[in-house]
Amino acid sequence: MRKDVRILLVGEPKVGKTSLIMSLVSEEFPDEVPLRAEEITIPADVTPERVPTHIVDYSEAEQSEEQLYQEISKANVICIVYSVNNKKSIEKVTSHWIPLINDRTDKDSRVPLILVGNKSDLVEHSSMETILPIMNQYQDIETCVECSAKNLKNISELFYYAQKAVLHPTGPLYCPEEKELKTSCIKALTRIFKVSDLDNDGILNDNELNFFQKTCFNTPLAPQALEDVKNVVRRNMTDGVKDNGLTLKGFLFLHTLFIQRGRHETTWTVLRRFGYDDDLELTQEYLFPIIKVPSDCTTELNHNAYLFLQSVFDKHDKDRDCALSPEEVKDLFKVFPYMPWGPDVNNTVCTNEQGWITYQGYLSQWTLTTYLDVQRSLEYLGYLGYSIIYEQESQAAAITVTRNKRIDLQKKQTQRSVFRCNVLGARGSGKSGFLQAFLGSNLQRQRRVREDHKSFYAINTTYVYGQEKYLLLHEVMPDFQFLSEADLACDVVCLVYDINNPRSFEYCAKVYKQYFIDSKTPCVVIAAKSDLHEIRQHYSLSPHEFCRKHKLHPPQPFTCNMTEAPSKDIYTRLTTMAMYPHMAQTDLKNSTFWLRASVGATVFAVLGFAMYRALLKQR
């Protein structure tokens, strides 16, 4: 909401603009009226909306046209004052003042107008019959107030309506001609309904309505008040209430009713609570709360964020198959202004036999987004209403910024859950296959993936000593002359070569010697396509000799050309090296170390799957 409101009073000379201001301030009609009142500021604590309000007077006798134009450009709302007993001043409203104001304001951001009929104490009749056609002709006119500066009639109401026209404008919400909500308002309220519909059954039940009421207005509705609300909807439409809950149609009808009865502030309170600005766009402050990520630190989702995302998954997994069909994914993202996940996501995370994103794949994709682009993750959580449902100040509460990697190395331990492995190798060496195998996809399945749906990332969970961790694989483009800092910044490196291509290993050797020979980042050489015949490499040293010379592990054989899902052992090793880089050149050579890590992983994976199935039964 605006931090302050600026009200400008204009009109013909002698209509009583200055008297209105002075009567408001002194609460009595002034004996002597100056040509123009000085600008006054009403403090926030004495205004109904708790917002400081500046009231500005205009005098043709004291000010130039240029000064008038400047005041019009600064005003948030303009009161056009006329005298109810002076027909000429009423005519000037349409012949002079409205055209002048419209000429000086941008069409897309017209300032709201209030027509003020002063000196009502001097006449027996109302000027409303003359004014109503004017109000119907000009959409910018919010309301008309008849008042009297002399006997203080409707003075405070006049300035309250002016303040309300700025803080709770009708324009963005409602079309008076059509007597219905505007499209942008329906769109915003529909998102709010979907976020508040916690079980996604298309109905706001009593618990959801109470949560919504408490969220927006800090107080739940009494049971009788809830019934009264539903009865109002029932009386006016047939499909507004279903199974004793409020449907989307009923929800939209209620807001239409609020606006028609002049209670715009109710709808605006709801919209602003859910992050909308005066143009019914989600604010930058709501979508992108400030979060500081020092260099050498990473970003991860915390426990509450995962609980929230699990609830969002459950809400949309209608058939309870622990995967999201394309229709379910589409439904999940209906609260977004665009579809955030493209077809490449289905080749970045685990999917089921039908190619649908599994529960584990869904959480993995969120983990990937948070790690690579925390601002985007905050934006997505904002669309889903994380801070509202979890009653947090902002989505930033969902993010953990890990400590500096150097401290992890010094302390020889880490609290991080996500580790990045950059995969480098010559073109055709088998990098893509290595990434897809991590998702359980063998060569036969990989061949079915369309070229334009391929991904340069793969993320999945691994288990090291019984701890679930995420390993993020990133396939780096093979132009090693142009490797950037981002291509090199990671926790572990995979150098992949094709054992069946004699020129393949040379790339790995050159990249290692140019970028990683003096690095503290652990490196592993992967002998890909190990199901094929091994050919002697055209390099001065064989891959085994090269690894021995540079104190690297021997090349790790790997293939995804098999009927079953590829083995995950190599990925567990990579995660272990990422977690314990200080041991990469010592203990990690010890086979018993690998055995302990991988046995722990197998036991925990079996236990984890059993626990997961138990949870599914509960769901």
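Helices and strands here are DSSP runs, counted from the N terminus, where a helix (H or I) has at least four residues and a strand (E) at least two. With that in hand, let's walk through this predicted model, starting at a loop.

Leu-152 sits in the loop that links strand 6 (141–146) to helix 5. Its backbone is worth a look: the phi of Leu-152 is positive, near 60 degrees, in a residue other than glycine.

Between strand 5 (113–118) and helix 4 (128–137) you will find Lys-119. Lys-119 is not a glycine, yet its phi is positive, at about 70 degrees. Because its relative accessibility is 24%, Lys-119 counts as partly exposed.

Now let's move on to a pair of helices. Two packed helices are described by the angle between their axes and the distance between those axes. For helix 1 (residues 17–26) and helix 5 (residues 155–167), the axes come within 9 Å and cross at roughly 105 degrees. Angles of 65 to 115 degrees count as roughly perpendicular, so helix 1 is roughly perpendicular to helix 5.

Which residues meet where these helices come together? From helix 1 come Leu-20, Ile-21 and Leu-24, and they meet Ile-155, Ser-156, Leu-158 and Phe-159 of helix 5. Sorted by class, this contact of helix 1 with helix 5 has 6 nonpolar residues, 1 polar residue and no charged ones.

Conventions:
Residues numbered from 1 in each chain as written. Predicted model: local features only at pLDDT ≥ 70, side-chain atom pairs only at ≥ 80, totals over all residues. Heavy atoms only, no water. Axes fitted to C-alpha atoms, helices over the stretch in contact; angles between N-to-C directions. Parallel < 35°, antiparallel > 145°, perpendicular 65-115°, else oblique. Contact = heavy atoms within 4.5 Å. Nonpolar A, V, L, I, M, F, W, Y, C, P; charged D, E, K, R; others polar. Buried < 20%, exposed > 50% of the residue type's maximum accessible area, 1.4 Å probe, protein only.
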